Every structure is written in C-alpha cells, then in structure tokens.
Amino acid sequence: KEKKKRKELKNKMVKLIAIDMDGTLLNHNHKIPKENVKLINFAKKQGIEFVVATGRAYYEALPALNDENIKCDVISFNGGIIYDKNGNIINITPMKLKDLYYTIEILKSLEISYQLYTKNTIYTNSIETDITAYIDLIRANGEEPNEQHLRQEARNRLALGYITEVNNIELYLNQENNPAIKVIGISNDLEKLKHATELLSGNDNISVTSSGANNVEIMDKKATKGEALKIVADIHDINLKNAIAIGDNLNDQAMLDIVEYSIAMKNGNKELQKTSKFITEKTNSEGGVADSVMKLLKEKNEFYEDINQALVEAAI
C-alpha cells in the first residue's frame with residue numbers, strides 16, 4: 001500500500017512550472033516580487049524545471065530575470081522563439097512575409113497602431129504611443145502605474161536597442177538575419193480591435209491572440225505558448241501531467257490547456273479564469289504566483305522529506 005501511495009504521488013508531482021511575465025510573474029512596475037523570487041529559488045532547489053513563457057522578446061524578458069539572477073529557459077514572442085537557460089536558441093518560428101503584409105494591411109485599414117517584433121529589436125512608429133497604451137492598460141486593471149519608472153524604462157530600452165523608432169515599419173519586414181516573429185496592434189478602441197481580430201482570424205496561417213484588453217497579437221500559427229511548452233517539456237523529458245502553467249491573459253490559454261495544473265491570475269482575463277482549474281487569491285503585484293504555486297507544491301510534492309522545512313526556510 002505504501003509503495004502504491006508513493007507511486008500515485010509521484011505521478012501527480014510537479015516537475016515543471018511555466019509562468020507568464022506581464023500581469024503574472026511581474027508586478028505592474030515590471031519587477032519580480034520577492035515572494036516570486038523565493039518560489040523560483042525553492043523550486044529549482046527541489047529539482048523542478050522553471051520556464052518563463054512570455055509575449056515579450058527575449059531581450060525584453062532578460063532585465064527582470066537578470067535583476068534577480070534567475071537563469072531559465074525562456075519561451076519568448078508567445079512561442080515564436082525558445083531559448084535555453086544559456087541564451088541559445090532552441091526553436092524559432094518566424095512569420096511568413098505574405099502573412100506579415102496581410103496583418104499590417106488590416107491594422108492600417110482600421111487605423112490601429114502596431115509594433116513589429118523581430119529577433120533583434122522591436123520596431124515602432126512612436127515610443128510615446130506605446131508608453132501611453134501600457135499606462136492605460138495598468139489603470140484599466142485598477143492599479144496606478146509609476147509613470148516616471150515606466151518612462152525611464154522605455155528610454156533605457158531605446159538606448160540599448162531593444163526598441164527602435166522608425167518612420168516606416170514595413171521597410172523592416174524581410175531582413176535575412178533579423179526575422180520578424182510577431183506583430184502587435186494597439187488601440188483603446190475595443191470595437192476596432194474586435195473587428196481586426198475577426199478579420200485576422202480568417203487567415204489559417206496565423207494565430208491571433210491578446211495579452212491585454214487594448215491589444216491584438218499575431219504570430220505564425222505554430223507559434224503559441226502551448227506548442228513551445230511541449231518542446232521544452234520534451235527536451236527535459238517531463239510529462240505535461242506533471243506541469244503547472246500560470247498566466248493572466250488569452251495568449252496564455254494554449255499552455256494552460258495542455259497542463260495538469262492550470263492557474264489563472266486573480267487580476268486576469270475572465271474567460272481564462274473560466275477554463276482554469278485554479279485562480280490565485282492574490283494579484284500579480286501581491287505575489288499571487290508564489291501564493292498559489294506553493295500551495296500546490298506542498299500538496300502534490302509532499303513526498304519530499306524536507307519540503308516542510310524547505311517551506312519554512314523559503315518563508316514564502
């Protein structure tokens with residue numbers, strides 16, 4: 001009976017944790033709350049693989065991780081490029097040129113501003129428009145942003161080349177050594193975004209999703225967080241029945257759908273919450289990730305002899 005019980009526990013144990021960044025792992029000032037840092041360090045100590053799954057470009061995801069000395073696999077561009085913990089590319093899925101033109105023409109026809117995410121930089125017509133859109137999104141979620149911090153962060157991104165302001169984004173669609181991975185349309189006109197989503201969804205070559213109420217994100221149909229997580233799990237020889245995925249918006253749906261333990265953020269999209277097994281009791285800025293994930297680990301990985309002591313030491 002004891003052997004059977006331990007086998008059942010092992011089949012349910014968590015071996016991999018995949019976490020979205022904005023609205024999930026990060027607070028509204030793009031920092032990782034200390035509770036979440038402790039969770040990651042605790043998980044790694046227990047031999048659990050940790051992977052970030054974000055709509056951000058890799059170079060946009062790194063600063064927050066580097067600030068806390070976190071090295072992990074990174075699913076970037078919603079699955080468009082996967083990097084290992086040493087920064088090597090595992091897989092890349094660029095958009096086809098015809099799909100890029102198709103996407104941009106629809107956004108332009110509806111007067112929706114857009115950004116082009118490429119392997120090496122993000123092209124935008126106006127960094128100020130982008131900052132304003134993010135501030136509006138934070139306020140729409142009921143929180144007050146630190147505008148000074150966000151503007152300084154944007155200036156730093158420009159200086160580092162993570163973002164490039166250009167007059168005509170279309171001139172940069174077909175660079176041999178800098179493939180285009182994602183297009184993001186940004187607007188506070190929700191009807192326009194809804195119309196754009198309907199039109200874009202008519203193209204079977206692309207996937208259309210959203211990471212916030214004021215945007216629409218377009219990638220190749222094979223570039224989703226779900227497909228990317230399958231690749232990462234396979235590399236580490238981990239069954240997705242032993243995985244947690246946690247996120248806050250529709251671009252997280254694909255990975256939450258394929259894991260055993262799906263968690264939606266309290267501050268997240270209502271549709272995502274409806275299809276998730278769990279919802280955090282705290283928001284992203286309150287360390288909701290650590291709070292919910294640690295409860296699951298304590299329940300599912302209780303056969304670790306030292307877990308209770310480790311929980312005390314982590315003091316989460």
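**Entry 1: the eight-strand sheet**

I started with the open sheet of 8 strands, which has the order β5-β4-β3-β2-β1-β12-β13-β14 and mixed pairing. I noted that I am working on a predicted model. Next I looked for the edges. They are β5 (89-92) and β14 (278-279), and each of these pairs on one side only. Then I checked what lies on the sheet. Helix α9 (residues 225-235) packs there and touches β1, β2, β3, β4 (81-83) and β5. I compared directions: α9 makes about 160° with β3.

I moved to strand β2 (residues 49-53). Is β2 mostly covered or mostly open? It is mostly covered, with 4 of its 5 residues buried.

I took the β1 side next. Strand β1 (residues 16-19) pairs with β2 in the parallel sense, over 4 bridges. Here I found isoleucine 19 opposite valine 52 of β2.

On the β3 side, I counted 3 bridges between β2 and strand β3 (residues 73-76), again in the parallel sense. I looked up two positions. Valine 51 stands opposite aspartate 73 in β3. For alanine 53, the bridge partner in β3 is isoleucine 75.

I kept one rule in mind while reading these strands: side chains in a regular strand alternate between the two faces of the sheet.

**Entry 2: the six-strand sheet**

I read its order as β8-β7-β6-β9-β11-β10, and its pairing is mixed. Which strands stand at the edges? They are β8 (163-165) and β10 (206-209). Each has a single partner strand, so one side of each is left without a neighbour in the sheet. I also looked up the twist, which averages 20° from one strand to the next. Helix α8 (residues 190-200) packs on this sheet, and I found it touching β9, β10 and β11 (215-220). The direction of α8 makes about 15° with that of β11. Angles under 35 degrees count as roughly parallel, so I logged α8 and β11 that way.

How many bridges join β6 to strand β9 (residues 180-186)? I found 6, and the two strands run antiparallel. In this pair, glutamine 115 faces isoleucine 184 of β9 as its opposite residue.

Towards strand β7 (residues 122-124), I counted 2 bridges, with the strands antiparallel. Leucine 116 has tyrosine 123 of β7 as its bridge partner.

**Entry 3: α3 against α12**

Last, I looked at a helix pair. Helix α3 (residues 34-45) packs with helix α12 (residues 288-300) at an angle of about 30°. Their axes are 8 Å apart. The two helices are therefore roughly parallel to each other. I recorded the crossing of α3 and α12 as left-handed.

Which residues make the contact? From α3, I listed Glu35, Asn36, Leu39 and Phe42. From α12, I listed Val289, Ala290, Val293, Met294 and Leu297. I sorted the residues of this contact by type and got 7 nonpolar, 1 polar and 1 charged.

Technical notes. Residues numbered from 1 in each chain as written. Predicted model: local features only at pLDDT ≥ 70, side-chain atom pairs only at ≥ 80, totals over all residues. Heavy atoms only, no water. Axes fitted to C-alpha atoms, helices over the stretch in contact; angles between N-to-C directions. Parallel < 35°, antiparallel > 145°, perpendicular 65-115°, else oblique. Left-handed = near helix turned anticlockwise from the far one by under 90°. Contact = heavy atoms within 4.5 Å. Nonpolar A, V, L, I, M, F, W, Y, C, P; charged D, E, K, R; others polar. Pairing = 2+ DSSP bridges. Buried < 20%, exposed > 50% of the residue type's maximum accessible area, 1.4 Å probe, protein only.
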